[in-house]
Amino acid sequence: MLDGKRILLIIGGGIAAYKALDLIRRLRDRGASVTPVLTRAAEEFVTPLTVGALAGQKVYRALFDLTDEAEMGHIQLSRSADLVVVVPATADLMAKMAGGHADDLASTLLMATDKPVLIAPAMNVRMWLHPATQRNLALLQADGIRVVGPDDGAMACGEFGPGRMAEPMDILAAIDHAFAPGPLSGKHILVTSGPTHEPIDPVRYIANRSSGAQGTAIAAALVALGAGVTFITGPASVPPPAGVHLVRVETAAEMLAAVEAALPADAAIFAAAVADWRVANASDTKLKKDGSGRAPALDFAQNPDILATVSAMAEGRPRLVVGFAAETNDVLANATAKRARKGCDWIVANDVRPATGIMGGAENEVTLITEEGSEHWPRLSKDAVAERLAARIVEALA
Ligand code: CTP
């Protein structure tokens, strides 16, 4: 709950501004008060009337409004909140913040505030990936600005990729954390999850039965302890957790690239069931029966081992690298050998014989293998396994 918390909500000028309306409602449902500030551009997307009605408060719109200055000056306004939230943070607003501009009410408040600031970036994928935006992002993060999202996905402009604003529930989770920093706050942890899909042709692929449930639970447990989590997931059957930086991938090669792009990290947890092989002669067009009755011959190539690649990094290796070992026999011996072979710090080993019901199920029974030896945990829900593992990660990163 956010009872009595005062949020100064700066709404930027982007199509995602409509999500700010939902956020205001949810914040008030949780007991927070919301003081809205609209940039001039934001008024092109949402009306001051709607925002004011939802917030139940005066909407602040322009810097040189003398009435406002008499009522509450911009300095006082910037200090009267417990948290400043920028939704959506456009490329322009981020650039202003990074450059220290103060040429309208929103940017002046952001310069004048002495309170924590959380931004939810939203923009076209090219604008997000532009070196200028990435430079500004790094500057803002170095200044201690908290960032939630953006997500990967289809955007209003018709393009696809990172840039879509985090969903209101994710922004709420980030707001909760801003008020209750956990033992992992300030730590960046990368989690891979789900299966990978390796294409045979544009409509067919090779996959496995991983649901992504355990990786999702681990990411959620880490978020709950305050970590900034980059969640890199293949096409899983469970929805991704709230409050993460979400990166969706399909193939093992894409997952490796996403992992490398997400580094540096304090810890990396490789819970994904990555396909060991891909189809080397995948076709660009749909394979057709040729009438001979013969099946097409598929050639396989080995995929890069993401866990082993990151474990072996000479520079930029996360302090803690955790792998999983899905085994059907000699679990302890196989997993112990796997830890040595892959060069990771810990292995979470489990028995995935169908009789255990673990793969795709709600429970897991694991053995944690570290340098010190092995530790068998009882059969627990995947959420409980995740919480135990997250608690161990807290100790390891302390
Ligand atoms: N893994 C990975 N990249 C791969 C394959 C696996 O990062 N290309 C990671 C998984 O995320 C997991 C660990 O390696 O953390 C072990 O995966 P598993 O499939 O159990 O082991 P394999 O490498 O396939 O070994 P084996 O074939 O001997 O079972």
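**Salt bridges, burial and the domain contact**

Tutor: E363 counts as partly exposed, at 37% relative accessibility. Please keep in mind throughout that this is a predicted model.

Student: Which residue forms a salt bridge with E363?

Tutor: R379 does, and the closest N and O atoms of the two are 2.8 Å apart.

Student: How many salt bridges does the structure hold?

Tutor: The structure holds 17. One of them joins the side chains of D305 and K342, at 2.7 Å from N to O. That pair links distant parts of the chain, 37 residues apart: D305 is in the loop between β15 and α12, and K342 is in helix α13 (residues 331–342). D305 counts as partly exposed, with 30% relative accessibility.

Student: What about K96, where is that found?

Tutor: K96 is found in helix α5 (residues 91–99). The side chain of K96 meets that of D104 in a salt bridge of 3.4 Å, N to O.

Student: Why does K96 count as buried?

Tutor: The relative accessibility of K96 is 15%, and buried means under 20%, so K96 falls on the buried side of the cut-off. D104 counts as buried too, at 15% relative accessibility.

Student: Which residues is K96 in contact with, leaving aside its neighbours within four places in sequence?

Tutor: Those residues are H101, D103, D104 and S107.

Student: Which other residues of α5 are buried?

Tutor: Besides K96, the buried residues of α5 are A91, L93, M94 and M97. The elements that cover the buried residues of α5 include β3 (83–89), α6 (105–112), β4 (117–121), α7 (125–129) and α8 (131–142).

Student: What follows α5?

Tutor: G100 follows α5, and its phi is positive, near 75°.

Student: Let us change topic. Where does N303 lie?

Tutor: N303 lies in the loop between β15 (300–302) and α12 (306–311). With a relative accessible area of 6%, N303 is buried.

Student: What does the side chain of N303 make polar contacts with?

Tutor: A polar contact of 3.0 Å joins the side chain of N303 to that of R278. Another polar contact, of 3.4 Å, joins the side chains of N303 and E198. Leaving aside neighbours within four places in sequence, the residues in contact with N303 are E198, A252, A275, D276, W277 and R278.

Student: How far is N303 from R379 in space?

Tutor: The distance from C-alpha to C-alpha is 32 Å, and the two residues are 76 apart in sequence.

Student: Now the overall layout. Which domains does the assignment give?

Tutor: The domain assignment of the chain gives domain 1 (6–179) and domain 2 (188–397). Their C-alpha centres lie 35 Å apart. Domain 1 gives 7 residues to the contact, and domain 2 gives 11 residues.

Student: What area is buried between domain 1 and domain 2?

Tutor: The buried area is about 680 Å², and carbon and sulfur atoms give 52% of that area. On the side of domain 1, D152, D170 and H177 supply 60% of the area buried against domain 2, more than any other three residues.

Student: Which elements give two or more residues to the side of domain 1 that touches domain 2?

Tutor: They are β6 (151–154) and α9 (168–179). The element that gives the most to that side is α9, with 3 residues. By type, the residues on that side of domain 1 divide into 3 charged, 2 polar and 2 nonpolar.

Conventions: Residues numbered from 1 in each chain as written. Predicted model: local features only at pLDDT ≥ 70, side-chain atom pairs only at ≥ 80, totals over all residues. Heavy atoms only, no water. Domains from an automatic or database assignment. Contact = heavy atoms within 4.5 Å. Buried area = accessible area lost by both parts, 1.4 Å probe. Helix = DSSP H or I, 4+ residues; strand = E, 2+ residues; numbered from the N terminus. Nonpolar A, V, L, I, M, F, W, Y, C, P; charged D, E, K, R; others polar. Buried < 20%, exposed > 50% of the residue type's maximum accessible area, 1.4 Å probe, protein only. Polar contact = N/O pair within 3.5 Å; in protein donor to acceptor, adjacent residues only side chain to side chain. Salt bridge = Lys/Arg side-chain N within 4 Å of Asp/Glu carboxyl O.
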